[in-house]
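This report covers a ligand shell, nonpolar cores, an annotated domain and a strand pair. Please view the sequence and structure first.

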Amino acid sequence: PPCLSPSLSLSLPVSPSSPSCLTTSLHVSPLRLSLDKLRDVSSRLHKGLVQGLGKHSHHRAAVKMLPTFVRATPDGTEKGDFLALDLGGTNFRVLHVRVLQAEQKVVKMDSQICVVPKDMMTGATQQLFDHIASCLGDFIASQELKGQTLPLGFTFSFPCEQKEIDKSILIRWTKGFNCPGVEGRDVVTLLRDAVRRRGDYDIGSVAMVNDTVGTMMSCGYKDQSCEIGMIIGTGTNACYMEEMKNVKRVEGEDGRMCINTEWGGFGDDGSLRDIQTEFDQMVDKTSINPGVHIFEKMISGMYLGEIVRLLLLRLSEEKLLFKGQKSEVLQTPEIFQTKFISEIEEEDTGLDNARRILTQLDLQWDEADVRVVRLVCDTVSSRSARLCAAALATIANKMRLNRGLDRLQTTVGVDGTVYRKHPNFSEELQLTVRLLAPECSITFLVSEDGSGKGAAMVTAVAQRLCVLFPCLHFLIKSYMSDLKNE
Ligand code: BGC
């Protein structure tokens, strides 16, 4: 039998039963999760979802299950010009988006990227929001939009308790952001205050959007059966249309509402301790938010490179890699970028890429090392894909049972660099979902800029509903004040 797993047909140039191969296996095998284990993870997540939806249990739930107050997906009649802001990954973007009803198209008219310097991600609140307001101001001026007050969709991809479509309280920062003093505050007020401080332009109505919701909505314009949005990028998360009768925190029994699951927080109550390896624990411990977003830290792009680095470091310390040379390189946090994993796993060019990357990192490698490094990358990315699959299957199975269907047919809008760029990720994820949710036929639709165009779409749908039912805003407000138990 091969040394570690079928993927070791990557052919380690050492005998499968050699002591070094077996020791390598000892470190790598805890990351290989069987289907039974994934089923077990899925049933734990299902309990988490129910707890998060519960009237009396949501306060202590690790999976937040946040109501988004998005009750409708696009119906094709939306139109107009919008501004969109996108904060949540590595950069901040401002976009001018036009929704064309006649062609059922969302067109990006123009956009601008503003770098958010690393120290700003953890610096003073006012500095961050002044930066956002200044990028927006420059963009509005460059587009000659000054004087027009366009509606604005703000994709803010962090867990927020949405009080109204334009009131969104940050629960906590994730993904490298940690500006003190924002948690517990309304992000729209912080933005409006910053715009007011500048005083040279104004903004219209604001709709706050999580990137998962934007992704679902942008795909929903093309495919009206899109009822799940999923992101696997710097962070990970999903949203889906839940039956109102199950959303115990919000008044009303009829119809559906999009729930932002914030599944990245799964495990924050210790429920994933058995599958966390020493490397996961280390990544968590040395992060800026220990104990927070445990599931995300096993899956998303911000952390995968670090998990690989720590595994390589351990293997070299045990003299199983790089001739056991004491390498300072591998002790440098973030030196092994997540994009290296994708490059090393490329089918044709992967081994050459591995040789190039190891040389660039100044590591003294031989051919056996190259293959072990590829195996480590494969193990870490494949675990990520399988864990995501378990989580997605949990949602799909829940939606099927909610609706009392023998078979659920649905579409998932997906985005994120890990899903898009990794050579095998999407295939492994889809294959595993089919095994874990055999009664669900899921179509995967890669979103075209859900965080930009999708935000405009959420704003457009909110506007459509307001035009159709002018009292809707009022209705939403009264729903909000009826939030059960708050
Ligand atoms: C955030 C989510 C977001 C996800 C993907 C997570 O860290 O908590 O709100 O959807 O990243 O960007």
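## Strand pair

Two strands pair if DSSP finds at least two bridges between them. The model shown is predicted. Strand 6 (residues 160-164) and strand 7 (residues 167-170) run antiparallel, joined by four bridges. A hairpin of two residues links strand 6 to strand 7. Glu161 has Ile169 of strand 7 as its bridge partner.

## Ligand shell

There are 18 residues around the ligand. Ser157, Thr174, Ile231, Gly235 and Asn237 come nearest. By class, the shell holds three nonpolar, 11 polar and four charged residues. Helix 6 (211-222) supplies at least two of the shell residues, and so does strand 10 (236-243).

## Nonpolar cores

The largest nonpolar core has 104 residues. Ile132, Leu191, Met208, Leu392 and Val458 touch the most other members. Helix 12 (residues 367-402) gives the most to this core, with 11 residues. A second, separate core counts 31 residues, including Val28, Leu312, Ala354 and Val376.

What does Ile132 contact beyond its neighbours within four places in sequence? Its partners there are Leu85, Leu87, Phe92, Leu191 and Ala194. In soluble globular proteins, nonpolar side chains tend to be buried together.

## Annotated domain

An unreviewed UniProt entry lists residues 227-461 as "domain: Hexokinase C-terminal". In the predicted model, this span is 49% helix and 14% strand. The end C-alpha atoms of residues 227-461 lie 15 Å apart.

Key. Residues numbered from 1 in each chain as written. Predicted model: local features only at pLDDT ≥ 70, side-chain atom pairs only at ≥ 80, totals over all residues. Near = placed C-beta within 6 Å. Nonpolar A, V, L, I, M, F, W, Y, C, P; charged D, E, K, R; others polar. Core = buried A, V, L, I, M, F, W, Y, C linked by C-beta atoms within 7 Å. Buried ≥ 20, exposed ≤ 12 C-beta atoms within 10 Å, placed from the backbone. Contact = placed C-beta atoms within 7 Å. UniProt positions renumbered as here; feature names shortened; annotations may be inferred.
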